[in-house]
Amino acid sequence: MITSEHYPYIYFFTEPNVVFVYKLEGENYLTASELSQQGEWETYEIQHPTDFDSFNHEAHIPLVGRGYFLRQDDLNFMAEKINQLIQSQRKRNTYSYEKMGAVHLVSSQSTAGALRVGLDRPKTVIGFDSFFSIGLLWKLDQKAGQDSRFEWLNENINVEQDDYELQNQFTKTLLEIEDIPEYVPIYIWTANNGNEQTGLRFILQILKEKDNDIFLINPTEHNDSKKENIYSSMLHPDQLKILLEQAKSTEPLSYQERIQFQREWEELAQSKEILRLWKNGRVTNVTEDYFDALILKTIENLHSQQQQKDFIKTAKVVGTAMQEMDEMVGDFYLEFRIRHLIYNEFLELKGVPRSMRHYWIKLREK
């Protein structure tokens with residue numbers, strides 16, 4: 001697919017003779033699934049591929065009543081090119097950075113939502129949706145590592161989203177972080193759990209070229225329950241405001257502290273392990289079957305509550321097991337391990353395992 005930019009339009013040529021024209025509306029980055037919801041599309045035909053070099057949609061009549069099939073990787077490519085054009089226009093137009101306020105970076109969308117509700121304006125909240133405690137981290141700050149990670153996630157984790165959606169969201173977040181101007185303070189919210197602590201180290205790695213003052217806010221250190229493994233999203237909006245005010249009177253991370261976090265990231269990024277927990281004050285790799293014994297014990301306990309051993313909906317097993325976990329790694333990961341237990345003949349299956357709501361399991365007879 002060949003592209004040509006004519007702001008606010010971008011042209012996409014695909015063989016043998018079709019040109020898709022997209023008109024940008026706004027300066028927010030988009031995912032592939034959002035392309036049909038935002039902006040304006042028209043389709044044209046040209047006589048010969050070389051005509052695309054001089055193509056101008058205003059000199060042609062758009063096609064009406066004719067549809068074309070686009071592969072998911074074509075849509076992903078289109079989203080990438082459209083976002084590049086949006087970024088160039090942001091820089092050219094001096095995107096409204098003066099109104100953005102302090103920037104708050106988080107490692108989950110649930111935490112991002114809590115901050116958007118809880119903190120006063122002006123503020124900018126940027127959140128990953130990438131569950132950093134699971135999946136490959138190898139070279140994640142590079143394109144090759146990102147492709148490897150999302151290939152693994154697409155092949156192993158049942159997330160009910162369009163193909164490429166997770167990767168689109170990830171790339172979109174990287175662009176938003178890249179656009180942070182040098183003069184605004186950055187607050188990274190990170191409680192003591194594998195997801196947020198891994199995300200902290202990754203975020204500091206991609207911020208390594210920025211000289212902004214960076215402050216850490218750790219809700220675990222202000223948690224009345226004294227539980228070791230909590231999540232930033234658990235805090236009440238009033239607590240978020242208090243923690244932010246306290247952070248404003250603290251010193252930003254020193255150069256040495258930033259370098260230490262980056263070194264810890266580099267160590268994580270050399271590994272090809274797929275499960276991480278927060279243990280003894282460190283992000284620690286554990287074996288991917290770490291929770292298998294808990295899953296099997298949970299099913300055994302649920303069977304004991306039945307008059308006769310029968311199939312149990314997978315979602316119920318996952319929800320019950322999560323109540324016994326000291327640290328959450330997400331229901332998607334437990335469902336992934338349940339499928340492994342089925343494949344390895346520890347469990348019997350009824351239904352189609354396209355999501356935890358669509359199949360039932362029970363312990364296989366020994």
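This is a predicted model: local features need pLDDT of at least 70, side-chain atom pairs count only at pLDDT 80 or more; totals for chains, interfaces and linings use all residues.
Setting aside neighbours within four places in sequence, Ile 338 is in contact with Ile 295, Thr 314, Val 317, Val 318, Leu 347, Tyr 359 and Ile 361.

## Helix 2 against helix 6

Ala 114 also turns up in a helix pair. Helix 2 (residues 109–118) and helix 6 (residues 237–248) have axes that come within 9 Å and cross at roughly 80°. Because of that angle, helix 2 is roughly perpendicular to helix 6.

Helix 2 brings Ala 114, Leu 115 and Gly 118 to the contact, while helix 6 brings Pro 237, Leu 240 and Lys 241. Sorted by class, this contact has 4 nonpolar, 1 polar and 1 charged residues.

## Helix 1 alongside helix 4

Now for another pair. Helix 1 (residues 72–93) packs with helix 4 (residues 165–178) at an angle of about 10°, and their axes are 11 Å apart. The angle is under 35 degrees, so helix 1 counts as roughly parallel to helix 4. Their crossing is right-handed.

On the helix 1 side, Asn 76, Asn 83, Gln 87 and Lys 91 meet Asn 168, Leu 175 and Glu 178 of helix 4. By class, this contact comprises 1 nonpolar, 4 polar and 2 charged residues.

Key
Residues are numbered from 1 along each chain as its sequence is written. Side-chain values use heavy atoms; hydrogens and water are left out. Axes are lines fitted to C-alpha atoms, for helices over the stretch in contact, and angles run from 0 to 180 degrees between N-to-C directions. Helices (H or I, at least four residues) and strands (E, at least two) are DSSP runs, numbered from the N terminus. Angles under 35 degrees count as roughly parallel, over 145 as roughly antiparallel, 65 to 115 as roughly perpendicular and the rest as oblique. A crossing is left-handed if the near helix is turned anticlockwise from the far one by less than a right angle, and right-handed if clockwise. Contact means heavy atoms within 4.5 Å. Ala, Val, Leu, Ile, Met, Phe, Trp, Tyr, Cys and Pro count as nonpolar, Asp, Glu, Lys and Arg as charged, and the others, Gly among them, as polar.
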